Amino acid sequence: MNSTATLASRRFRPGFWTAVFVVTFLAFAIVTVLRFTKGLGAVTNLSDQFPWGLWIGFDLLCGVGLAAGAFTLTAIVHLFNLKRFEPIVRPTLLTGFLGYGFVIVALLLDLGQPWRIWHAMVYWNPHSVMFEVAWCVMLYTTVLALEFSPIVFERFGLHAPARLIHKFITPLVVLGVILSTLHQSSLGTVYLIVPSKLHSLWYSPLLPLHFYISAIGAGIGMVILESYLSKRAFGRHLEMDLLEPLARGMVVALGIYGLMRIQAIYRNHAFGTLLDFGYEGRMFLLEFVMGVILPVVLMSFRRLRSNPDWLVGGAFLAVMGFVMNRLNVSITGMEAASGIRYIPSAMEIIVSVGLVATGMAVFAFAVRNLRIFPEGPVTESQVPEEGA
Amino acid sequence: MGMGLLIDATRCIGCGACSSACKEQNKLPAKVEEVLTAYTWTTVQEREGLNVRRLCMHCEVPTCASVCPVAALKKTPEGPVVYDSERCMGCRYCMMACPYEIPKYQWDRPVPVIGKCIMCAGRVKDGQPTACAAACPAEATTFGKKEDLIWEARTRIRSKPGAYVDHIYGLAETGGTSVLMISNVPFEKLGMKTNLPSDPPAQRTWQVLSNIPNFVGVWGAFLFGVHWITARRDDVAKAEHHTNGRGDRS
C-alpha cells in the first residue's frame, strides 16, 4: 500500500496528463459515435450556408501545413546535402507523418460518407482540385511512411529492408518534395474557385503560391517549436547551432510570403477595407502583424535568433500566424458571402483538441520507443522505475 | 446548346405549383420550405413585390461538376446538371464552390447526400418539359431550346421598353447558364448574385491543374539536378582530400 502511494505521488505529473488525455479521448469517442448515428448536423454548427468549418480550416489545412517541415528538411539534408541538419530530420518526419494521420482522421469524420473515400481512386475527375488533394494525401502519406520506416525497421533489427529504403532515398525524397509542393499549393488552389465569395484581403490568383511558401515558413517554425517541446518533455538540449540557421530560412520564406500578400491586397484594391477596421480587417491585422511582420522583424536580428527564448517565441508567432491565416481563409474570409457568422460547436472543438492530444501522445510514444533523437529512445529519466 | 428554362419574374403569381410539381416528380417530402434545402429543390420567394423562383441555374460550365473529386456531378448534353448520389462521398466542395449556392446537404442524416434541382433530366431526355414548367399556370417558367428562350427573352424586353431591366440573367454570368431570368427589378434587389465573373470559375483552377504534368517534370529534374551537383561537389572534395592528403580547399 505504502509503496504504491509514494509511487503514485511521484508520478503525479504524468498521471495528471494521462487523465487529461483519457478524458479527451472519451469525449472524442462520444462525438464520433454521435456524428455517425445522428449526422453531421447534430454535432457541428455546419449548415447549407457554411458547409466547411473547423475540421477543414484547422484539422485539414493546418495539419497538412505543419507537416511541411518534413519535406523542407529532407530536401535540405538529402538534396542540398547539408548533412549537419540530419539530427533533426527524424522528429520532423515523425511530425509530418502524424500531421497526415491527423488529416486522414479528420477527413473520416468530416466526409459525409467516409466509407466511400476510395471512390477518389476509381472515379476520376482531373479537373477537380479535390481530386488532386485526395491523391496527394494518399501518395504522400505512403512516401512519408516509407521515409520513416527505416526507423521502425532498425528498432526490430531488420537491417535488410532499412538498407533497401536507404538505397532509394534520393528518388523517394524527390517524390516527397514534388508531392508536398503539389499538395501544399493545391490547398490554396481549392479557394481559387470562389472569387466571388472569399474576401479580397485573402483572395488572390496566386493563392497556391501563398499557401506553399507560408507552409515552408510555418513548417520550419514547427521544427523549432517541436525541438523546444521535446526539450521541455524529455530534458533534451536545444540544437541551437542547427535551429538558428533554420530560423534564418524561416525569415526568408515568411518575408517573401509577406511581400506577396501585400502585393495581392494592393492588386485587389483591398487596403480600403483595412481602414474601416471592420471584422475582416481586424482579423487580417492580427494574422499579418503578429504572425508575419513580427516574427520576420524579430528573427532578422542574429542576437534574438541565437537566444533560445526569443527563437522559440519567433517560431511560435510564425506557427500561430499560419494557423490564423488558414482559419481566416477558410472561415473569416468566407463569412460575409455566406451571410452568417460561423462559430464551431463544442463538439467540433473537442474533435480538433482530441486530434492534437492524440498526435502529442503518439509522438511521445514514438520518442520513448524508437530512435527519433540521435541519442536513442528517450524516457523521463527523472522518474525511476520502481516495482512492476 | 441544349434545353433550358426561361423564368419571367414579372409573370410569376407565386402560386407555388412549380414547387409542388417538383416535389412530386422527384419524390421529395411534400412540405415546401422557404429556402432551398436538400429536400426542397425549388421554391418561390417574395422580393420587392415580385415572386422570385430559386433553383439550380444549370451552368454551361458547372463549377460544381468541375470541383467534384469523384465526378458525381455532370452536365448532360441536353442541359441539366445531374448528380449521382451513389458516387458522392460527401466532401461538400460543390456547396463551397457553387457561385449560386445551390447544392444543399442532408445535415440530419447519418448517411447524407446532396440535394439540388436536376432539371428533370429524365423527362428532358424523353423530350418532355420539366415538371415545374409543365405545372406553371402563368407561363412564368417556360421550357424550350435555350437559343429559342434567349430570342424570346430579348423579344419581351424589346417589345415593351421600360417593362423589363435590360439584362438576361444567366446569359453571361459564370460563362452562361441553362436557366435564364428576366425581371423589371434589378437582380441584386431580388437576392440574385450580381458580383459574378463572366468567365467560368472552373477555368481558374484548370489553368493551375493543367500545368501539373509540366511542373512535375521541371521540378523533378531540378531537384535531381540539385542533388547531383551537391553530391558531385562532395565527391570532388573527397577526391581532392585524398590526393592532396590535407584536403586543402581554398
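**Salt bridges and their surroundings**

Guide: A place to begin is chain A, where Arg90(A) and Glu154(A) pair through their side chains in a salt bridge, at 2.9 Å from N to O; the term stands for a side-chain nitrogen of Lys or Arg within 4 Å of a carboxyl oxygen of Asp or Glu. The two partners come from distant parts of the chain, 64 residues apart, with Arg90(A) in helix H6 (residues 89-110) and Glu154(A) in helix H8 (residues 129-155). Helices (H or I, at least four residues) and strands (E, at least two) are DSSP runs, numbered from the N terminus.

Visitor: Before I go on, what sort of model is this, and how are things numbered?

Guide: This is a predicted model, in which local features need pLDDT of at least 70 and side-chain atom pairs count only at pLDDT 80 or more, while totals for chains, interfaces and linings use all residues. Residues are numbered from 1 along each chain as its sequence is written, chains are lettered from A and ligands numbered from 1 in the order in which they are written, and side-chain values use heavy atoms, with hydrogens and water left out.

Visitor: Which residue does Arg92(B) pair with?

Guide: Arg92(B) pairs with Asp110(A), and their closest N and O atoms are 2.9 Å apart. The pair joins two chains, because Arg92(B) lies in the loop between strand S5 (81-83) and H3 of chain B, while Asp110(A) lies in helix H6 of chain A. Arg92(B) is buried, with a relative accessible area of 2%, and Asp110(A) also counts as buried, at 2% relative accessibility.

Visitor: What about Asp199(B), which residue does its side chain meet?

Guide: The side chain of Asp199(B) meets that of Arg204(B) in a salt bridge, at 3.8 Å from N to O. Asp199(B) is partly exposed, with a relative accessible area of 26%, and Arg204(B) is partly exposed too, at 24%. There is also a network in which salt bridges that share partners join Asp8(B), Arg11(B), Glu139(B), Glu152(B) and Arg156(B).

Visitor: Let's switch to the two chains together. How many residues take part in the contact?

Guide: Chain B gives 57 residues and chain A gives 58 residues, where contact means heavy atoms within 4.5 Å. Between them the chains bury about 4800 Å², of which 63% is on carbon and sulfur atoms; buried area is the accessible area (1.4 Å probe) that two parts lose on being put together, summed over both. On the chain B side, Met89(B), Met96(B) and Trp107(B) lose the most area to chain A, together 17% of what that side buries.

Visitor: New topic: what is at the middle of the nonpolar packing?

Guide: The largest nonpolar core has 149 residues, and those that touch the most other members are Tyr191(A), Leu198(A), Leu246(A) and Tyr93(B). Such a core is a set of buried Ala, Val, Leu, Ile, Met, Phe, Trp, Tyr and Cys residues joined through side-chain atoms within 4.5 Å. Helix H11 (residues 207-234) of chain A gives the most to this core, with 13 residues.

Visitor: And which residues does Leu198(A) touch?

Guide: Not counting residues up to four places away in sequence, Leu198(A) touches Tyr191(A), Tyr203(A), Leu207(A), Val329(A), Gly333(A) and Met334(A).

Visitor: Why is helix H4 of chain A largely enclosed?

Guide: Helix H4 (residues 54-66) of chain A is largely enclosed by the rest of the structure because 12 of its 13 residues are buried, including Trp55(A), Asp59(A) and Cys62(A).

Visitor: Last one, where does Arg261(A) lie?

Guide: Arg261(A) lies in helix H12 (residues 240-267) of chain A, and Arg261(A) is buried, with a relative accessible area of 2%. Leaving aside neighbours within four places in sequence, Arg261(A) is in contact with residues including Trp202(A), His210(A), Glu287(A) and Asn325(A).

Terms used
Buried < 20%, exposed > 50% of the residue type's maximum accessible area, 1.4 Å probe, protein only.
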